[in-house]
Amino acid sequence: MTTEVRGRLGRLLPDGADPTAPLLEVRDLAVRFRTPSGASVRAVGGMSFRLDAGEAMGIAGESGCGKTTTALSLVHLLPGTGRVSAGSVKLFGIDLVPLTERQLARYRWREISMVFQGAMNALNPVQRVGDQIAEPIEVRLGQSRDASRKRAGELLELVGIPRQRASAYPHELSGGMRQRAMIAMALACDPAVVIGDEPTTALDVMVQAQILQLLERLRRELGLSLLLITHDLSVIAETCDRVMVMYAGRVAEEGPVSRVFTAPRHPYTVKLLSSFPDIRTGRRALSMIPGSPPDLRTPPPGCLFAPRCEHAMPVCAVETPPEINSDDGVRVACHLFTAGDAVRRDAASEVKA
Amino acid sequence: MNVAYLVRKLAQALVTIAAIVILLFVLFRAMPGSPDRVSKNPNMTPAMQAAERARWGLDKPLVPDQLVAFIGSTVTGDLGTSIKFRGQPVTEVVGAAVGPTILLVGLGEAIAIIVGLALGALSGWRRGGLVDRLGNGASLVFYSMPYFVIGMPLIMVFASGLGWFPTSGMTTPGASADPVGQVLDVAGHLVLPLTAVTLGLIGAYSILMRSAIIETRAEDYITTARAKGLTDARILRHHAFPNALLPMVTFIAINLGYVIAGAITLEVVFSWPGLGTLTVAALNARDYPLLQGIFLLVSVSVVMFNLLADFVYGALDPRVRS
Ligand SMILES: Nc1ncnc2c1ncn2[C@@H]1O[C@H](COP(=O)(O)OP(=O)(O)OP(=O)(O)O)[C@@H](O)[C@H]1O
Ligand SMILES: [Mg+2]
């Protein structure tokens with residue numbers, strides 16, 4: 001007999017859960033897409049990260065660096081042409097990668113739910129929002145229709161929508177309201193992890209701030225564990241504990257927001273931060289990152305950022321940089337920080353300057 | 001549903017019908033050998049011709065007198081008398097053909113809508129799967145064939161060949177007197193033409209539904225539904241199908257509107273006594289009043305089904321209502 005393991009709010013965890021394991025631990029995750037021409041795109045190439053209970057981690061990076069792909073691959077939501085080609089995704093210590101669709105269904109939404117960008121298209125246009133929120137409660141948690149409806153009403157109130165609006169259709173709600181409804185839906189089964197993929201991108205600044213405040217409040221009140229995908233660094237600065245900067249399907253740098261944003265190490269993080277309007281002053285920054293990301297159908301050897309890097313050294317074009325963990329909790333994948341080389345460390349101090 | 005929406009659509013339909021009536025008037029008077037033909041009979045003296053013209057009201061100006069008279073009689077259900085079926089009112093001739101056509105094409109539509117939509121949805125949902133490869137292949141074949149091309153081999157094999165079914169017509173003259181026997185007789189005649197029309201329509205519906213489902217599959221809310229951990233069947237039933245149905249509504253309505261026109265080639269091949277056969281007969285006999293009546297009936301039917309489509313659309317798609 002397996003022992004019962006209870007997680008957040010005393011909920012029963014799936015069989016085989018290890019109470020001592022981290023909430024979510026991803027190791028060497030790689031994702032490939034088949035293209036119509038028969039070529040294979042390595043959209044994600046060996047990503048590792050972990051998310052602890054109650055933590056919020058931001059995932060940042062240029063468009064096309066694999067943020068969405070990473071998120072979708074956790075519970076096999078990739079389109080038919082994509083598949084996880086290597087690595088493991090452990091939730092409560094259970095590896096989700098080898099699971100069948102049927103086995104995996106248990107983890108979708110109940111453990112990992114999502115808030116997508118632009119909820120207009122992410123919500124079914126011909127179904128009432130209340131019914132869409134109640135659906136997973138009824139179908140996945142096996143509650144009665146009435147109980148599910150009632151719970152949906154409570155969730156709407158929780159995200160700041162009057163429960164009478166449950167009978168509205170998505171198009172009858174404003175953009176901000178729709179995003180709130182989407183958040184309410186994501187909370188329906190009280191999941192262990194909520195992934196937000198650009199949850200505020202399509203909204204105007206005022207509404208964006210309100211949604212972020214809502215996420216903040218829900219984190220505090222419900223102790224949510226959050227993966228927040230966005231290319232807006234100020235969103236991460238405001239909401240997250242840690243940040244992971246991705247480049248071309250790999251981790252460039254990862255660590256506490258306070259460390260990474262004040263003292264970026266990877267030349268790409270430096271560029272990314274300087275290409276952004278200053279988080280505190282709101283000043284528009286001028287520098288753009290010259291060049292473009294590599295073609296992932298034929299990734300070059302070595303560091304993928306090397307062709308755009310001012311500090312590139314001969315080794316960068318040959319060897320994939322190892323991930324270096326430093327004492328302050330920052331992890332960086334850059335040859336500048338490979339230990340035991342004085343020249344490189346000099347160059348590194350230049351980057352920081 | 002929004003009352004203003006209903007009223008607006010209803011008003012549009014009425015205006016369209018009025019325009020059709022006027023168009024018919026103009027069209028049939030502009031055609032060679034139109035109503036005036038009788039009065040130009042060379043065997044009549046000019047005085048007799050004039051009397052004849054006066055009798056039919058053709059001595060009055062086209063507009064407004066003749067037009068007003070035409071609209072008046074059309075509205076009161078008087079469509080004139082048929083030339084081919086001497087003396088019989090057009091409404092009677094047409095009325096007798098409506099039943100057989102609705103029985104054949106209407107029943108075919110009903111079966112094809114259910115089977116075609118289901119087949120198309122399953123094909124598109126599991127693209128490249130067994131249902132798709134068999135179903136879509138067959139649909140393409142039947143869709144591309146005119147009804148009579150589907151019908152003729154059926155006649156050759158199952159009627160002339162095996163003799164299981166009658167080759168033509170809707171009833172066997174003097175076959176049976178009791179109602180049950182009559183129903184069975186009609187049913188026997190119905191099997192082959194119904195099969196032909198249903199196969200063709202299933203092809204059309206399933207091909208369109210398949211592409212509607214394939215398009216819907218790629219929508220973000222389908223990804224959301226998958227992320228919710230719903231079963232494939234539930235996603236298809238509750239999320240993909242209701243959305244994919246929307247573009248089908250108009251197509252179904254237009255098809256249903258034309259049911260009344262009959263399936264001309266099919267009815268002729270099977271000598272089915274419906275409106276399709278009647279249209280061909282009226283054309284051959286240059287029976288303008290009869291043709292006019294048939295055209296009016298078909299146009300009004302198309303308009304009414306479009307109106308119905310608007311209502312159904314409003315019921316299915318909340319975005320239309322507001
Ligand atoms: N269905 C697909 N078929 C082929 N390649 C794909 C597919 N989806 C994504 N990719 C590729 O995978 C890479 C990562 O895409 P992804 O959408 O994960 O990026 P992203 O970081 O989420 O970008 P954005 O900020 O624009 O949302 C891209 O290079 C993209 O071309
Ligand atoms: Mg994305």
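Select A:Lys67 and ligand 1: an N or O atom in the side chain of A:Lys67 is 2.8 Å from an oxygen atom of the ligand, a polar contact (a pair of N or O atoms within 3.5 Å). This is a predicted model, in which local features need pLDDT of at least 70, side-chain atom pairs count only at pLDDT 80 or more, and totals for chains, interfaces and linings use all residues. Residues are numbered from 1 along each chain as its sequence is written, chains are lettered from A and ligands numbered from 1 in the order in which they are written, and side-chain values use heavy atoms, with hydrogens and water left out.

Move to A:His76, in the loop between helix H1 (67-74) and strand E4 (82-91) of chain A; helices (H or I, at least four residues) and strands (E, at least two) are DSSP runs, numbered from the N terminus. Phi of A:His76 is near 55°. Most residues other than glycine have a negative phi. A:His76 counts as partly exposed because its relative accessibility is 22% (buried is under 20%, exposed over 50%, partly exposed in between; 1.4 Å probe, protein chains only).

Finally, select B:Ser271, a non-glycine residue with a positive phi of about 50°.

Technical notes. A polar contact is a pair of N or O atoms within 3.5 Å; within protein, one must be able to donate a hydrogen and the other to accept it, and residues adjacent in sequence count only if both atoms are side-chain atoms.
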